[in-house]
Amino acid sequence: HLNAWSQYELMPLIEHRLVQHVATVNDQQGMRDLVERSLQDSRQKLMALQTQIWNETLVARMVRECTACLHQMDEIADLPMQMNVRFTDDDGDSDESSLSAQHAAASQYVAKLFQPLKRWLLFVNEHGLEYITVHDKNRLIWNVLNALCTAYWTRLQAVRERLSAIRKMMEKRSSKKRKSKGGGASAKRVSNAEKAEQQLVIDIRTFVQQIRGFVNGLQRDEKLHTEKLNQEQENECV
């Protein structure tokens, strides 16, 4: 905000009070150039600071807020063991309905991943921060989305590996129980581990849909901005 103020408000203020009211008509342009040069170094430092804040501080903080809920993915990996303890019957098979209610929709953490970014965009739109260019805003969104995707896929890989290990352990345990009871091969049933994996698939699809929505919005904004610039150039030529 300070950088935009120095560029769009401070310079006109100085020009109005100092150049127009002090300098003669012949000296006004020279006075403008002198003031511009005296402010140039400070404005360059502000620009560098703004770039640092945008690329490091703001992006890092937003990514940290977005990924704060990723630990909830671990609960999906823990779910098969919890359900197995709570719903195992005398035959050692899990209740088929134990995880059915969990699959109706994506997990709550998926929507939470994007809430900080949506709040920031809403803040920018509501406060009319015109000095934030389309290019700067889109670059920030791209950086946040890239970091968010990296964190999500990394956590997802760890959760899937954990689920795979739990699934093998549960299958081995179930096989031992059937052998100890002298039972033959039972009908194929969907295990709690498989249901948890299905929940992950639903979450992945919802996550990808959210990312596509942001990407489509970025592409639309870039297109409209380019068309606007081209139109302004055509008007200047006319």
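Me: Which residues is Asp-203 in contact with, leaving aside its neighbours within four places in sequence?

Reply: Good place to start! This is a predicted model, so everything we say describes a prediction. A contact means that heavy atoms of two residues lie within 4.5 Å. In this structure, Asp-203 is in contact with Ile-76, Ala-106, Ser-107, Tyr-109, Val-110 and Tyr-152, once neighbours within four places in sequence are left aside. Asp-203 itself is found in helix α7.

Me: What joins the side chains of Asp-203 and Tyr-109?

Reply: A polar contact is a pair of N or O atoms within 3.5 Å. Here the side chains of Asp-203 and Tyr-109 are joined by one of 3.2 Å.

Me: Asp carries a charge in this scheme. Which side chain of opposite charge is nearest to Asp-203, and how far away is it?

Reply: To judge a salt bridge, you compare the distance with a cut-off of 4 Å. For Asp-203 the nearest side chain of opposite charge is Arg-160, 10 Å away. Asp-203 therefore has no salt bridge, although it is buried.

Me: Ser-107 was in that contact list. Where is Ser-107 found?

Reply: Ser-107 is found in the loop between α3 (73-87) and α4 (108-112). Not counting residues up to four places away in sequence, Ser-107 touches Ile-76, Gln-199 and Asp-203. With Gln-199 there is also a side-chain polar contact, of 3.4 Å.

Me: What share of the residues counts as buried?

Reply: Of the 238 residues, 32% count as buried. Another overall figure looks at contacts between residues at least 6 apart in sequence: 85% of them join residues at least 24 apart.

Me: Now the rings. How many aromatic pairs are there, and how do I read one?

Reply: You look at the distance between ring centres and the angle between ring planes; planes under 30 degrees apart count as stacked, over 60 as edge-to-face. The count here comes to 5 aromatic pairs. One of them is Tyr-152 with Phe-207, which is stacked, at 3.9 Å centre to centre with 10° between the planes. This pair links distant parts of the chain: Tyr-152 sits in helix α6 (residues 134-180) and Phe-207 in helix α7 (residues 192-237), 55 residues apart. Both Tyr-152 and Phe-207 are buried.

Me: Why is the pair of Trp-153 and Phe-207 edge-to-face?

Reply: Because the planes of Trp-153 and Phe-207 stand at 80°, with the ring centres 5.9 Å apart.

Me: Are Trp-153 and Phe-207 buried, or partly exposed?

Reply: Buried means under 20% relative accessible area. Phe-207 has 1%, so it is buried, while Trp-153 has 38% and counts as partly exposed. Both rings belong to one aromatic cluster, made of Phe-114, Tyr-152, Trp-153, Phe-207 and Phe-214.

Me: What about cysteines? How many disulfides does a search of the whole structure find?

Reply: The search finds 0. To see why, remember that a disulfide needs two cysteine sulfur atoms within 2.5 Å. The sulfur of Cys-66 has its closest cysteine sulfur in Cys-69, 8.1 Å away, so the gap is too far for a bond. Cys-66 is buried, at 1% relative accessible area, and Cys-69 counts as buried too, at 8%.

Me: Last one: where does Glu-65 lie, and which residues does it touch?

Reply: Glu-65 lies in helix α2 (residues 28-66). Not counting residues up to four places away in sequence, Glu-65 touches Pro-116 and Arg-119. With a relative accessible area of 38%, Glu-65 is partly exposed.

Definitions and conventions:
Residues numbered from 1 in each chain as written. Predicted model: local features only at pLDDT ≥ 70, side-chain atom pairs only at ≥ 80, totals over all residues. Heavy atoms only, no water. Phe/Tyr/Trp six-rings, centres within 6.5 Å; stacked < 30°, edge-to-face > 60°. Helix = DSSP H or I, 4+ residues; strand = E, 2+ residues; numbered from the N terminus. Buried < 20%, exposed > 50% of the residue type's maximum accessible area, 1.4 Å probe, protein only. Lys, Arg positive; Asp, Glu negative; His and termini not counted. Polar contact = N/O pair within 3.5 Å; in protein donor to acceptor, adjacent residues only side chain to side chain.
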